[in-house]
Amino acid sequence: MDNFLKKLKGYTRIFYWVFVFVMTAVLLYLAMPGDLKFKYEYQKGFPWKHENLVAPFDFAILKTDEEINREKEEQLQSVVPYFSFDTTLVSIQTQKLKNNWQTLVPPGDTTLDEAVLKLSHALKSFYTSGILPRAPETYNVLSGEKELKKRVGNLVVKTPLSKIHSEKTAYNAILDTISQLENEYPGLAEQLTELETEQYISANLEYDEVTTRKEMEEVTRNISTTRGMVQTGERIILQGEIVDDEKFQIMESLEASYENEKGQGIKSYMVEIGKGSLVLLFMGLLFTFMYIYRLDILHQFSKLSFMLLFLVTIVFFTNFINTFPNLSIYLVPFAIFPIIIRTFFDSRTAIFTLLIATILTGFYAPNNYEFVLMQFSAGVVAVFSLNKMHRRVHLVMAAFWVFLTYAIIYTALHVIYEGNLASYNFKMLQWFALSSVLLLLVYPLIFIFEKMFGFVSDVTLIELADTNQPLLRKMAEEAPGTFQHSMQIANLSEEIILKIGGNPFLIRAGALYHDIGKIATPEFFIENQVVGINPHDKMNYQKSAEIIIDHVKKGVKMAKKHKLPLSLVEFIATHHGTTKAQYFYLKHQEENPDKKVDNGAFIYPGPLPRSKEAAVVMIVDGIEAASRSLKEKTKENIQELVNNMVDQKIKNKQLEDSDLTFRDIKIIKETLLNKLMNIYHVRIEYPKEKNDETTVK
């Protein structure tokens with residue numbers, strides 16, 4: 001039955017792996033574009049490295065952006081701006097003039113009628129030509145123009161700018177007319193002066209941006225984006241021939257039309273098969289890598305699902321940004337991907353997954369080689385520069401190094417391709433800078449991922465290792481001896497892990513919390529006892545062992561209550577492994593020599609430590625406690641203690657599930673010996689000076 005269950009569990013795990021990786025492959029397949037890829041790579045100014053190329057089909061030669069922009073400018077210059085013309089204003093203003101004039105002079109005088117008629121005629125001429133609110137030269141749309149279009153409904157009339165008045169020039173002109181009438185009709189000078197001239201002048205032309213914009217769009221819409229054709233079978237370029245500007249544009253045109261001509265019928269299905277095969281290949285490589293180097297990730301659903309989901313997200317988001325013509329693909333802070341993988345896993349995993357992500361994305365990115373080279377290099381630099389991330393400045397410096405990597409590689413490639421910096425695109429540096437600044441999103445993303453997937457970052461471990469944390473503060477107050485013991489274990493363990501390799505932040509936090517279960521009954525542990533008072537003296541050894549062993553269970557319960565990460569709970573649960581409470585076990589045997597001792601009552605519940613860090617804390621915990629009981633703390637005694645206790649852990653198979661090596665064990669022994677000698681101030685014995693009777697005089 002056990003065999004069957006074991007096999008069933010194995011098959012279930014394999015099915016789960018297949019399902020997860022196939023689903024990831026499907027998501028990546030959907031996230032990647034489905035267009036055919038042009039199989040030739042070429043660079044302007046470099047020799048054509050492929051075989052002789054002839055046109056596989058008829059295609060039009062595309063104009064360059066410069067050519068199209070030049071034609072647009074020429075066409076836009078021919079567009080005459082539109083101004084809406086108000087035809088009703090002239091009658092309103094002339095009628096107002098006549099009404100005001102009648103209040104100033106008596107009716108029936110023909111001379112008076114002639115004067116107002118001449119004034120009205122002058123006013124009409126200004127309105128008929130058109131009056132602008134301000135001078136024509138102040139309008140940007142009229143800069144360089146000699147005429148404008150007056151629009152009344154569907155009727156459009158071109159008018160020279162020389163005939164157009166502004167409100168100011170029209171006002172001055174009407175004043176001149178009044179002056180002439182005063183000279184011509186001296187008897188009306190007083191009445192003419194009383195006219196409030198400014199009230200008859202008002203603009204009847206207004207810039208019609210909508211109509212002007214429509215004509216501009218219409219003119220530019222009709223500009224052809226192509227120039228000439230290349231016929232099927234026509235030679236395009238020979239092997240070894242230099243790709244000059246003209247050849248480059250022809251190749252760009254061929255590549256642009258390739259998808260439209262070839263993506264039909266059976267060809268489109270073949271493209272999908274090829275894309276699917278490519279994705280499956282890289283998923284297979286990723287699985288193989290994790291199976292060989294990070295099997296622990298495959299066995300943890302949260303870790304595996306996070307990594308694969310994050311991979312899909314970064315590929316999808318990058319390809320999505322690439323669909324916007326006004327955005328650069330380098331806007332995506334691609335280096336966030338390896339930084340976060342490095343934070344929650346390790347550098348090797350981060351770099352390998354970065355390689356897969358850049359290749360999958362770069363296959364459809366513009367300038368494939370350039371994209372893969374720049375993103376992979378920037379990602380590796382980000383991983384190396386963020387070996388530690390417990391200070392904000394580390395991330396800022398990483399963002400700076402990423403930007404510098406982008407800039408150096410882009411500049412180097414530009415110089416290689418162009419041979420000079422004359423056409424250097426400085427706008428790319430803006431995209432690189434923005435992408436680097438977006439790396440600062442790492443901190444909030446790490447917080448979100450920690451909450452969603454139960455991860456623990458170095459930043460969180462540093463926060464938890466602060467002795468002002470409530471649980472540690474409680475230990476310091478209620479179990480001061482245990483607190484000092486935990487501090488000592490943390491210092492020793494951190495020193496060891498720095499030498500054998502591991503996470504110093506994890507081991508320090510784990511060591512500080514490993515004995516928190518003793519807070520429940522601190523007086524039962526010798527480091528917290530007052531001299532001469534020991535509660536174990538009043539109970540049997542089996543009960544004493546039960547209380548001592550119970551601090552592990554209580555510690556786990558307390559840790560879960562305070563929502564400590566599972567990675568720290570491991571230290572609490574495993575720091576005694578499945579060893580015995582040896583002192584009480586032997587004492588119980590002495591008291592009951594004829595009885596069969598129940599070993600289970602004296603054994604810690606375990607489990608055994610799985611991580612390297614937890615295994616080190618188990619070793620250090622026992623040795624540090626035992627070293628304090630040594631009567632003579634000499635180098636030989638400490639060395640014997642360290643060797644015996646480590647060998648005993650190995651003999652009792654307490655380190656079987658951890659990944660400690662024999663080299664690690666050797667370093668652990670040497671480090672503990674040196675550190676304990678320093679702690680207890682063990683000094684070597686100096687030889688005594690001999691009296692030399694034959695001194696030299």
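This is a predicted model: local features need pLDDT of at least 70, side-chain atom pairs count only at pLDDT 80 or more; totals for chains, interfaces and linings use all residues.
The phi angle of Lys563 is near 60°, which is a positive value in a residue other than glycine. With a relative accessible area of 74%, Lys563 is exposed.

**Overall build of the chain**

- The protein chain contains 27 helices and 10 strands, and its radius of gyration of 44 Å is well over the 26 Å that the globule rule gives for 697 residues, so the chain is more spread out than a compact globule.
- When taken along the principal axes, the box filled by the C-alpha atoms of the protein chain has dimensions of roughly 150 × 90 × 75 Å.
- Of the 697 residues in the protein chain, 43% are buried, while the accessible surface of the chain comes to about 39,100 Å², with 56% of that surface belonging to carbon and sulfur atoms.
- Among the contacts in the protein chain that have a separation of 6 or more, 77% are accounted for by residues 24 or more positions apart.

**The second largest pocket**

- The volume of the second largest pocket is about 1,800 Å³, and of the 47 residues that line this pocket, the closest to its centre are Arg294, Asp296, Lys303, Leu506 and Ser611.
- Several helices give two or more residues to the lining of this pocket, among them helix H10 (295-298), helix H11 (301-322), helix H21 (504-513) and helix H25 (612-627).
- Helix H23 (566-574) also belongs to that group, and H23 supplies the largest share of the lining of the second largest pocket, namely 6 residues.
- Sorted by class, the lining of the second largest pocket consists of 20 nonpolar, 13 polar and 14 charged residues.

**The cavities**

- Rolling a probe the size of a water molecule over the atoms shows where empty space is left.
- A search of the whole structure finds 2 cavities of 30 Å³ or more, and the second largest cavity has a volume of about 40 Å³.
- The second largest cavity is lined by Leu97, Leu119, Leu123, Ile174, Ile178, Leu195, Thr197 and Tyr200, and the elements that give two or more residues to this lining are helix H4 (110-129) and helix H5 (167-184).
- In the lining of the second largest cavity, 7 residues are nonpolar and 1 is polar, with no charged residue present.

**Individual residues in loops**

- Lys653 is not a glycine, yet it has a positive phi of about 60°, and its place is in the loop between helix H26 (635-651) and helix H27 (662-679).
- The peptide bond that runs from Gly606 to Pro607 is cis, with omega near 5°, and Pro607 is found in the loop between helix H24 (582-591) and H25.
- Thr88 sits in the loop between strand E3 (82-85) and helix H3 (89-104), where its relative accessible area of 43% makes it partly exposed.
- Although Thr88 and Ile14 are 74 residues apart in sequence, the distance between them in space is 85 Å, taken from C-alpha to C-alpha.

Technical notes:
Residues are numbered from 1 along each chain as its sequence is written. Side-chain values use heavy atoms; hydrogens and water are left out. On a 1 Å grid over the protein atoms alone, a cavity is a set of points where a 1.4 Å probe fits but cannot get out, and a pocket is an open set with protein on both sides within 12 Å along at least five of seven lines; lining residues have an atom within 4 Å of a point. Grid points are joined across faces, edges and corners, and a volume is the space filled by probe spheres set on the points. Helices (H or I, at least four residues) and strands (E, at least two) are DSSP runs, numbered from the N terminus. Ala, Val, Leu, Ile, Met, Phe, Trp, Tyr, Cys and Pro count as nonpolar, Asp, Glu, Lys and Arg as charged, and the others, Gly among them, as polar. The radius of gyration is taken over C-alpha atoms; the globule rule is 2.2 Å times the number of residues to the power 0.38. Buried means under 20% relative accessible area, exposed over 50%, partly exposed in between (1.4 Å probe, protein chains only). Contact means heavy atoms within 4.5 Å. Accessible areas come from the Shrake-Rupley method with a 1.4 Å probe; for residues, only the protein chains shown count as cover.
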